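Hello,

Here is the structure we talked about handing over.

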Amino acid sequence: MGIKKYFLPRICSWIALCSTLLLLFGQCALAQIRYSVPEEVKDGTVVGNVAKDLGLDVASLGERRFRVVSETNEAIFEVNQNNGALFVHGRIDREQLCQGSGTCLMELKVLVENPLEVHYVVVEITDVNDHAPTFPKRNETIKIAEHALSGKRFQLHSAHDPDAGMNSVRTYSLSANDHFDINIRETDGEKIPFLVLKKMLDREQSSEHFLLVTAVDGGKPQRSGTLNVTIIVLDINDNIPVFSQEIYQITAKENVQTGTSIFKLTATDPDEGTNGEIDYSLAKTLKQRIYDIFELDSKTGVIVVKGKIDYEEKEFYELEVQASDKDTPPLTGECRVIIKIIDVNDNSPEIDVTSLSNTVSENSKPGTVISLIRVKDKDSGVNGKIIAHITNNVPFELKPSYKENTYSVVTKDFLDREEVSNYDITIKATDSGEPPLSTTKTLSIQILDVNDNSPQFEQSPLYFYIVENNVAGTSLFSVTAADKDKDENADVSYSIARTGQEKDVALFLNVNAENGQITALKSFDFETLKSFQFQVVASDSGTPSLSSNVTVHVFILDQNDNAPVILYPVSSNASAEGVEEIPRNVNAGHLVTKVRAYDADIGYNGWLLFSLQGVTDHSLFGLDRYTGQIRTLRSFTETDEAQHKLVILVKDNGNVSLSATATVLVKVVEPSEAFAASDVKSSTKDAEDTDVTFYLMITLASVSALFIISIIVLIAMQCSKSSTDYTSKYLQDTNYDGTLCHSIQYRSGDKRYMLVGPRMSVGSTIVPGSQANTLVLPDRRRPSEELSMVLTLRFD
């Protein structure tokens, strides 16, 4: 019926259209064919051959534009112009096209031109069971009081199936249960399900029931839909709150923080709503102390610490607790809670010093007791068990006493105040609790000094250098000794060790006992005394007194304090004047005479230079500045004077040069007079030569003996010295090359002798075969170089 109502107005419209086309083109054909096709067939399914059924020429279908005209954008059916077949060209859903359970018809217009023909094709859409029954909601909740009587009915939502006929909803079924059945009532062709209570409910046994209602259609195969039904059982106050046990025994640690929850009570009431809501409270008959310490949360049943819990005050508490529901009147349950307090390690150990000696002598033996201590802990059991020990590295240890928790602090090693003068002994006492608590205490111990260290000089032996001509009574130098001890044990006094010999140089020295200043009681002369040694004794003021000594080597340094002494010429009145006679016929370069001088100083202070200070004729005579030889510069002429006066200046090379002068009168004589004078001098010379030879032999013998002694001493020194080379502290100048000369002059009658050369040293040797006697002095400071100093004996 719905399809007919839909298509009849359109048929009339097509009749009007055909009339219009008839007027325009002159003809219009009308025909109607009916086909049947099930819904949901595949695209391309042939419904029927329209061209064949209408008697149209299949070959001319294309030319005549054979087609299906649709009033909608989506064409469900199309015709094939090649064979005239009507086929499905889209999804066919009967429930969408035709709502309801009646016949579903679909009318199509098939149009052919030349001549124009309109044919009507009716297609019946047959139903298939392609839909399952569905409920308006998937879940439905029904609330039923637990005291509802059996037989009470509860209507459910009906299921809907868009299919028609046998494919629609046919029946309902209910899942298996003990309390409900299903009943169906049909109204206006619709089947309505009902739940029927067949057994009374008990909310305490089950507060909810879950049922499954199934709607089934009559199609083949059958399709079904389900509805989840939740039955909520409404409560009545028919149960009292019940605790899980009548007596609870719990534990709580002491000193827990205020507000800490220690236990939660749980009471259950199977009732619902206010009937099952529980309030907790402490009984009103308890002691006030319990209310001060504990608090019970009325909603949660949590016992909360309100005050301080101290195990040492009380070891357990008993609480009476009530649980009430909120019905009127309320139902109440009771229980008892016993709280046992657990001791915690909340007290640190204490260290008491019962006896203490703040000082101990450094010569105390190991095991000397310096203090007695006692440790204690207010806790009990394991928490009160204490272990004590010394934490830092000190020469002390704890010795346990026979009495528990009592210890002695004793020395375990020898003490040395000079290394450590005081100790801070840190004692740590730790209990055995978890976590362990500990306490530390520091004992300060001072180490008393004993006189166990003698004064010590910085080095031994000591070497000092002083300049000659020091002022008597003034300080030369000082010595210092240090004592590691303390106070009077470190108070050092100085003294000089006396040998008692008459020539002991120490007799001319004095030392300040307090500061070690050495003072000379006389002035020293380098030319007389070049070095000496003595011993200084340093003693402390301890009891008994300890002392040490050091050998002091003193080297006297030379000063330029001696002026040159003229050895030749010397007159009978000891003045430096002399007369020399030379023949007039001598040639240039003739040796007139030689000025000889001596300086007691050494080095540059004793190195003499000669110069002409005055001469009557500078062209006649010349003076060698190093040897003092006076020679003629040219031959004499008749016009030259017969007598010439030469003034010779002799000076040393000191910083402040000292000098002396000599006067030589040169007389020019005829050759005959000069020869006569020469014979007289030669006879005198022979006598003097004999004496000179004797003195030379003595000198050579002395030098040889000195050489042998030097060799022996040198060998001894080489054997005794260490692997490192020994260098004399007296010779500090490493650049000394032995080239400075020291001249010594001797006089014997009219003959004078000069010994020119450096200072001799140990190990000197005489080299024979030279024109002069040569003494070679090796320099031990440069073993890689062959250095020598030459001592030359000249004879004039």
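**Charged side chains**

K399 is partly exposed, with a relative accessible area of 42%. Its salt-bridge partner is E397, and the closest N and O atoms of the two are 3.8 Å apart. E397 also counts as partly exposed, at 28% relative accessibility. Keep in mind that this is a predicted model.

The structure holds 19 salt bridges. I picked out a few besides the one above.

**D449 and R417**

These two side chains form a salt bridge, with 3.1 Å between the closest N and O atoms. D449 sits in the loop between β31 (438-448) and β32 (456-457), while R417 sits in the loop between β29 (406-411) and β30 (422-431), so the pair ties together parts that are 32 residues apart in sequence. Both D449 and R417 are buried.

**R634 and D617**

Here the salt bridge spans 3.4 Å, N to O. R634 belongs to the loop between β47 (629-632) and β48 (643-651), and D617 to the loop between β45 (609-615) and β46 (621-623), so this pair ties together parts that are 17 residues apart in sequence. R634 is partly exposed, at 24% relative accessible area.

D540 is found in the loop between β39 (531-539) and β40 (547-557). D540 is buried and has no salt bridge. The nearest side chain of opposite charge is R417, and R417 is 11 Å away. R417 is the residue that forms a salt bridge with D449. The D540 side chain does reach the backbone nitrogen of G542, at 3.3 Å.

**A negative patch**

Which residues gather in a patch of negative charge on the surface? They are D487, E488, D491 and E514. E514 lies in the loop between β37 (509-511) and β38 (517-520). E514 is exposed, with a relative accessible area of 71%. D540, by contrast, is buried.

**To look at on screen**

- The buried pair D449 and R417.
- D540 and its contact with the backbone nitrogen of G542.
- The surface patch that includes E514.

Best wishes

Terms used. Residues numbered from 1 in each chain as written. Predicted model: local features only at pLDDT ≥ 70, side-chain atom pairs only at ≥ 80, totals over all residues. Heavy atoms only, no water. Patch = residues over 30% accessible without salt bridge, like charges linked within 9 Å, V, L, I, M, F, W, Y side chains within 5 Å. Areas by Shrake-Rupley, 256 points an atom, 1.4 Å probe, with all protein chains shown as cover. Salt bridge = Lys/Arg side-chain N within 4 Å of Asp/Glu carboxyl O. Lys, Arg positive; Asp, Glu negative; His and termini not counted. Charge placed at Lys NZ, Arg CZ, Asp CG, Glu CD. Helix = DSSP H or I, 4+ residues; strand = E, 2+ residues; numbered from the N terminus. Buried < 20%, exposed > 50% of the residue type's maximum accessible area, 1.4 Å probe, protein only. Polar contact = N/O pair within 3.5 Å; in protein donor to acceptor, adjacent residues only side chain to side chain.
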